[in-house]
Structures are given as structure tokens and as C-alpha cells.
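Please look over the sequence and the structure shown below before reading on. The briefing that follows goes through a few parts of it, one topic at a time.

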Amino acid sequence: MSGRRIVIKVGSSTLTDGDGSLDRRFIESLVKQLVQVREDGDLLVLVSSGAISAGISKLGIDGHPTDVPSLQAVASVGQVALVGMYAEQFAKHGLAVGQVLLTRHDTGHRQSFLHARDTIEGLLALGVVPVVNENDTIAVDEIRFGDNDTLAALVATMVKADLVVVLSDIEGMYDADPREVEGATVLEQVDEFTDEMIRAAGGAGSTVGSGGMVTKLEAARVLVKSGIPMVLCSGRREGVVADAVAGEDVGTYFSTAGSSRGALKSWIALGRSPSGRIVVDEGAKEAIVKRKKSLLPAGVIGVDGEFVAGDAVVLVDAFGMVVARGLAGLSSSEAEAVRGMKTQDIALSHPHLAGKTVVHRDRMAVL
């Protein structure tokens, strides 16, 4: 089956009703829309949250568990209920679903990432709808994506998607923080990401996502750099999936503006959980973003976390805004030892580190 490849991401807040349980009527409506996408000739991957909410509802638990073992147990029950509901609804239209559960452990190593990609590709080739979710039954902080916006972006780069549609409980990306600015309006299209826009999303990016507008914006930044446009819209709007796929104005459209980068750099941007954070000065930021240069010790003004060469790190500016992600060329202790130093000074004080980059441009994905 040929056609465009569409990744649809739906969040827990959109899937659930007022009491926090899965909204069967909404899911039935959503599946009908997704089936229409298939019948129009496009391939479909669904990234769905909701396992924990489904588990709480299924078990009749009052409140939301907070300890990890309870959350994982609830997710185990919920994953069965969630995929079962999707399977039931898709079966009405003659379609089968296949469940794909991922953690950063599965995507953090290149070979495992490629195996996950091959599984999804195999399901698509069989005419099956892949239903992807984070594997909350085994995920702990070290291997969590933290939000399904990041997971959806990663899956989209895996399958070389033509479009990602994020169904949310908000209308789109606002021109200012609507919690603080009365009259803030939804942007119809975003062609360029600015620091002001990132601040309007709710603050600086973080190494561990926690949902909300910030993670959606960071996912969009990664996607458009990979040549994949994204639509952010309200999942409860009638006919929203068909309209978004057809290019109708249903929220905020994040344009690729001709951007495209290789699969390896897309994996660097998303596949691995960062082990640390490197703060760069304005000169280094400009060199990285505008001139596509490597990060040298002279441009480093801070090092957070513990990492070794080859670990994933996130590069941020002095205000905490994410500049890039990459694979470290130095350990955290080495980077701390030479931060702010010029090459000739490093040769004198730390000769074994002379000439080494903190993060090489070939192992860096600029956001």
C-alpha cells in the first residue's frame, strides 16, 4: 500500500472524559476518522497515551497512584484495556492493530532503534495499524521519554513520515502565553522558531520532558529540521483528523521551510535520553546555529550532570533555551576542566585534551 505516511498522536487529556476514564464515544469517533485516512490511501501510525488512565478506570482506583511500582502495575492493566478498545473499534472496519511499546532503552542504541523501525515497517506492510505507546510497565526515569510528543516525533523520523498531527486539549500554538496575556491568539503557521515563542510556550526546554506546550514545541522543532511538518490542534474538534491531513486550517501548522537532515541526526535529536547539559555562550550558540560549527571548549560556560564521551547531551544557552542535542566528545569532568579555555591554553594545561571538541558538528542535531 502506497501513500503518505501520517503519524497521529493523541494525549491522555483528549482521550479521557470528565472523571478520567477512557471516553469510548470519543475513541469510536477518532477511529472512524483514522479509518477514513486509510481509505483515502494514506498509511497510518497511531501514538496514543492513556494506559495509566485506562488502568485506573479498569481497576476502580480512587485517585492517582504516585509510587513507581503501583503506576507500573496500573499501566500494565491499562495497556491491555487501551489496545483492546482500539482493536475492537478498528475491527469494525476490517482493520487489525499491532501494539508497539517503547522506552529510551529500546531507541537509545542505534541497532535497537533500527529493529523498532523494522517492526513498525513490517506492520505497515501487512496493512496493520501500529499503536505505539511508551512502555510504562517497565519505564523508570532513566529510560522514560517523559511525554508522547517526543515519542511521536521519534516514531515519525523512524518511518520517514510525511506529516505528524498532534491531537491535544489546546487549539494550537499561541503568540503569547494565554495564561498571562489576555487576548493571546493561535498562530496559523510557524515558519521560524524564536526565543520569544519558546518562552511563550511556558519556559525553557528541559532534558526530561514532562508534557505541556514546551514538549510539543520541542518535538515540532526536531520534526521540521527533519523535513516533517506538524499540525497541533484540538482533538475534540469535529472532523479534525481529516481536515488536518487535507491541509485545512485547524490549529497551528509548523512548516518545514525546506529543511531536511539525515536519519542519524534525527536519531541523535530524539533517540537517547540526555545524560547531562552543557551551557554555551552567545558566540558558541551563533557558531552552532548559523555556521554549523562544532562546540569547542572556549564556548562552554557551564556543565551539568555526569556523562562520558559518547553519551547524549543537550546544549542550552545562558537562558536555558535548548540549542541542540548531541553526543559528547568529552566526559563531564573533562568538559568542566577545559570550559572557557582556548586551544593553545588547553595544549599547555591539558595536552591530552588538546584539539578535541566538546560536541562535534557531525554528532550534533541543531534544534
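Which backbone atom lies 2.8 Å from a polar atom of the side chain of threonine 252? In this predicted model, that atom is the backbone nitrogen of methionine 173.

**Threonine 252 and its surroundings**

- Threonine 252 counts as buried because its relative accessibility is 0%, where buried means under 20%.
- Besides lying 2.8 Å from the backbone nitrogen of methionine 173, the side chain of threonine 252 reaches the backbone oxygen of leucine 187 at 2.6 Å.
- If residues up to four places away in sequence are not counted, threonine 252 touches a set of residues including Gly172, Met173, Val186, Leu187, Met230 and Val231.

**An open sheet of five strands**

- Strands of a sheet pair through backbone hydrogen bonds, and this pairing is either parallel or antiparallel.
- The open sheet described here has five strands in the order E10-E9-E11-E12-E13, and its pairing is mixed.
- Strand E10 (300–305) and strand E13 (364–366) stand at the edges with a single partner strand each, so one side of each has no neighbour in the sheet.
- From one strand to the next, the twist averages 20°.
- Strand E9 (residues 276–280) and E10 run antiparallel and are joined by five bridges; arginine 277 has aspartate 304, in E10, as its bridge partner.
- Helix H12 (residues 282–290) lies across E9, strand E11 (312–316), strand E12 (322–327) and E13, and it runs at about 70° to E12.

**Helix H6**

- Helix H6 (residues 110–125) has 16 residues, and the distance from its first C-alpha to its last is 22 Å, close to the 22 Å expected at 1.5 Å a residue.
- The buried residues in H6 include Phe113, Leu114, Ile120 and Leu124.
- Glycine 127, whose phi is positive and near 80°, follows H6.

**Nonpolar cores**

- The largest nonpolar core has 51 residues, and those with the most contacts inside it are Val7, Ile120, Val132, Val164, Met230 and Phe254.
- Valine 164 touches Val7, Ala156, Leu223, Ile228, Pro229, Met230 and Val231, again not counting residues up to four places away in sequence.
- Another core, of 32 residues, lies apart from the largest one, and among its residues are Val31, Leu46, Val165 and Cys233.

Key. Residues are numbered from 1 along each chain as its sequence is written. Side-chain values use heavy atoms; hydrogens and water are left out. Buried means under 20% relative accessible area, exposed over 50%, partly exposed in between (1.4 Å probe, protein chains only). A polar contact is a pair of N or O atoms within 3.5 Å; within protein, one must be able to donate a hydrogen and the other to accept it, and residues adjacent in sequence count only if both atoms are side-chain atoms. Contact means heavy atoms within 4.5 Å. Two strands pair if DSSP finds at least two bridges between them. Helices (H or I, at least four residues) and strands (E, at least two) are DSSP runs, numbered from the N terminus. Axes are lines fitted to C-alpha atoms, for helices over the stretch in contact, and angles run from 0 to 180 degrees between N-to-C directions. The expected span of a helix is 1.5 Å times one less than its number of residues. A nonpolar core is a set of buried Ala, Val, Leu, Ile, Met, Phe, Trp, Tyr and Cys residues joined through side-chain atoms within 4.5 Å.
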